[in-house]
Amino acid sequence: MAINKLKIGFLGSHNGSNMQAILDGIANGSVQAEAKVLISNNSQAPIIDKAKTAGLKTFHISTKLFPESEIGNEIANIMKGNEIELIILAGYMKKIDDNLIARFRNRIVNIHPALLPKFGGEGMFGMNVHKAVVESGEKISGATVHLVNGEYDSGKILAQAEVQVLPQDTSEILAAKVLIAEHKLYPETIDKIAKGEISLD
Ligand code: GRF
């Protein structure tokens, strides 16, 4: 019997290592999904070449090309036009606007490089997160996959992976350790969503 694969689309701004981990999982059969589309706001982002290599359609949508107020609908039009069922944020540095959230309610996921609800919110991205964790003296950090709603990093938590913070860890070392954990957690979580083992509603 043919398995119905979850149709996924990505939004990304930079490197795309998490997207690559999910694409690798699809290629080796451990993620039951079909990746169709990448949209980037950054026409120079390495994530675009990674997507092209994997045979995805790629699109550049930014405020250089569209008024800010139309970005969410443009993204939703492309995703809907390609029958995308789940939007995966893979290092997407723009806020997701209300139009996109309304048209993909509970169907947008993100990965955050800390254990939410700690170390989330506006301004908490990239190295800012890891610096804050190291400075706080926390002994455990990690990664969180969560639903995206209108507020930064506050949607329902779907899955988490823990990483030990050792006394000698700098924020750079912690970032590298968390990224390795992300590359395992994100594909596993997408597969569970695809199989209905994690509910989005
Ligand atoms: C990851 O650390 C992720 O947690 C955050 O953005 C980074 C993206 O890295 N949301 P990459 O583009 O997947 O390599």
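Visitor: Which residues of helix 1 are called buried, and what makes a residue buried?

Guide: In this predicted model, helix 1 spans residues 17-27, and its buried residues are Ser-17, Asn-18, Met-19, Ala-21, Ile-22, Leu-23 and Gly-25. The word requires a relative accessible area under 20%, so each of these residues falls below that value.

Visitor: What do the buried residues of helix 1 pack against?

Guide: They pack against strand 1, strand 2, helix 2 (46-53), strand 4, strand 5 (108-112) and helix 6. Just after helix 1, Gly-29 takes a positive phi of about 85°.

Visitor: Which residues are buried in helix 3?

Guide: Helix 3 covers residues 71-81, and Ile-71, Gly-72, Ile-75, Ala-76, Ile-78 and Met-79 are buried there.

Visitor: Where do the buried residues of helix 3 pack?

Guide: Their partners are strand 1 (6-12), strand 2 (33-40), strand 3 (57-60), strand 4 (86-89) and helix 4 (98-103). Just after helix 3, Glu-83 has a positive phi of about 60°.

Visitor: Where does Glu-182 lie, and which residues does Glu-182 touch?

Guide: Glu-182 belongs to helix 6, residues 171-194. Leaving aside residues up to four places away in sequence, Glu-182 touches Asn-18, Ile-111, Pro-113, Ala-143 and Pro-187. Among them, Asn-18 is one of the buried residues of helix 1.

Visitor: How many helices and strands does the protein chain have, and in what order do they run?

Guide: There are six helices and seven strands. From the N terminus on, the order is β-α-β-α-β-α-β-α-β-α-β-β-α.

Visitor: How do you know that the radius of gyration agrees with that of a compact globule?

Guide: For 201 residues, a compact globule would have a radius of gyration near 17 Å; the protein chain has 16 Å, and therefore the value agrees. Buried residues make up 48% of the 201 residues.

Conventions: Residues numbered from 1 in each chain as written. Predicted model: local features only at pLDDT ≥ 70, side-chain atom pairs only at ≥ 80, totals over all residues. Heavy atoms only, no water. Helix = DSSP H or I, 4+ residues; strand = E, 2+ residues; numbered from the N terminus. Contact = heavy atoms within 4.5 Å. Buried < 20%, exposed > 50% of the residue type's maximum accessible area, 1.4 Å probe, protein only. Rg over C-alpha atoms; globule rule 2.2 N^0.38 Å.
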